[in-house]
Every structure is written in C-alpha cells, then in structure tokens.
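Work through the exercises below with the sequence and the structure at hand. Each task is followed by a solution in steps.

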Amino acid sequence: MEVYLVQHGEAMPKSADRARPLSDQGRREVGQVAFFAAQMGLTVDQIRHSGKTRAEQTAAILGESLSPPGGVVTVPGLAPLDDVKPMADALGSESQPVMLVGHLPFMARLTGLLLTGDADNQVVRFRMGGIVCLARDENGWQVVWNLTPEMARVP
C-alpha cells in the first residue's frame, strides 16, 4: 500500500491575505507536479487535505489531474501542529493508496514516525508542492520516491 505525502504549494504571505491561498507560483508548480504525476500513472483512491485554504487548493489541483474515485476530502488531523500518531495508526489499516495534503511540521513528523518510529527524526526534506511516496509491506514503511516541482518543470 502506498501513501503519497504532499506539502501544500507555495502560499501567499499572511500579510497579503490572512487565508493564505496559493501564490501564482504555487498554483503553477502544483499544476506541473500534478500533470507529471498523472503522466507517470500515479493513482490514488482518495486525496485528503487539512481544510486550510492552501492545502485545499493544492489538493483540488492534484485531484483535477489524478481523478481519485474517492474524491478530494477534508479530514481532521492534518493541521501543522496536530499529533501524528492517530494518522500513522489510521494509515496502518488502509488498503488503498491515498494522498495526504498538509503542512510542515506535520508531514515531516509523520514521515519520521512511519519510517523510524520517532516523529522527531527528520528523514525526508519536503518541498512545497512536491510528493513523497511511501510504501508499506510486511517489513514496515519505506521511501519509494520523491518528486519535487523542479523535477516536474516543463521547459
């Protein structure tokens, strides 16, 4: 089973817009990553996001390209400072690939917990708008690949 972890795309600063929607660059980079992911055949059952504007917009752009059968939905537990243990436990019982769109430090802490058992062990460097693919087998979780916006850029 795979889980795809996404840090939201670049957002507007709070001083420009308190809701912090995606910047033009953020929308462009997430769009390029979404297109690239679809071209490589990435499929997910559902895209889940924190409900914050920047995560919701990132998830919507990814959803347009990936068309998950379970849709794009808001779920609790993906906010920047949420406890990662409940989400790690929930992922342990998933049978279909899912994508989680959220924030730092949550994504880094979740990855540390899944890969090493220690949420404080920062083992993956997230990039805004990028995708980190983890897979679970009988031995636990492993990093399969990491796609950054720079890798997905169309010349």
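The model is predicted.

**Exercise 1.** Classify the exposure of Trp 145, then describe the aromatic pair in which Trp 145 takes part.

Solution. 
- Step 1. The relative accessibility of Trp 145 is 23%, so this residue counts as partly exposed.
- Step 2. The structure holds one aromatic pair. Its members are Tyr 4 and Trp 145, with 5.8 Å from centre to centre and 45° between the planes.
- Step 3. Planes under 30 degrees apart would be stacked and over 60 edge-to-face; at 45° the pair of Tyr 4 and Trp 145 is tilted.
- Step 4. Tyr 4 belongs to strand β1 (residues 2-7) and Trp 145 to strand β6 (residues 140-147), so the pair ties together parts 141 residues apart in sequence.
- Step 5. Tyr 4 has a relative accessible area of 7% and is therefore buried.

**Exercise 2.** Describe how helices α3 and α4 pack.

Solution. 
- Step 1. Helix α3 (residues 85-92) meets helix α4 (residues 106-116) at an angle of about 55°, and their axes are 9 Å apart.
- Step 2. This angle makes α3 oblique to α4.
- Step 3. The crossing of α3 and α4 is right-handed.
- Step 4. Lys 85, Met 87, Ala 88 and Leu 91 of α3 make the contact with Phe 106, Leu 110, Leu 113 and Leu 114 of α4.
- Step 5. By class, this contact has seven nonpolar, no polar and one charged residues.

Notes
Residues numbered from 1 in each chain as written. Predicted model: local features only at pLDDT ≥ 70, side-chain atom pairs only at ≥ 80, totals over all residues. Heavy atoms only, no water. Phe/Tyr/Trp six-rings, centres within 6.5 Å; stacked < 30°, edge-to-face > 60°. Helix = DSSP H or I, 4+ residues; strand = E, 2+ residues; numbered from the N terminus. Buried < 20%, exposed > 50% of the residue type's maximum accessible area, 1.4 Å probe, protein only. Axes fitted to C-alpha atoms, helices over the stretch in contact; angles between N-to-C directions. Parallel < 35°, antiparallel > 145°, perpendicular 65-115°, else oblique. Left-handed = near helix turned anticlockwise from the far one by under 90°. Contact = heavy atoms within 4.5 Å. Nonpolar A, V, L, I, M, F, W, Y, C, P; charged D, E, K, R; others polar.
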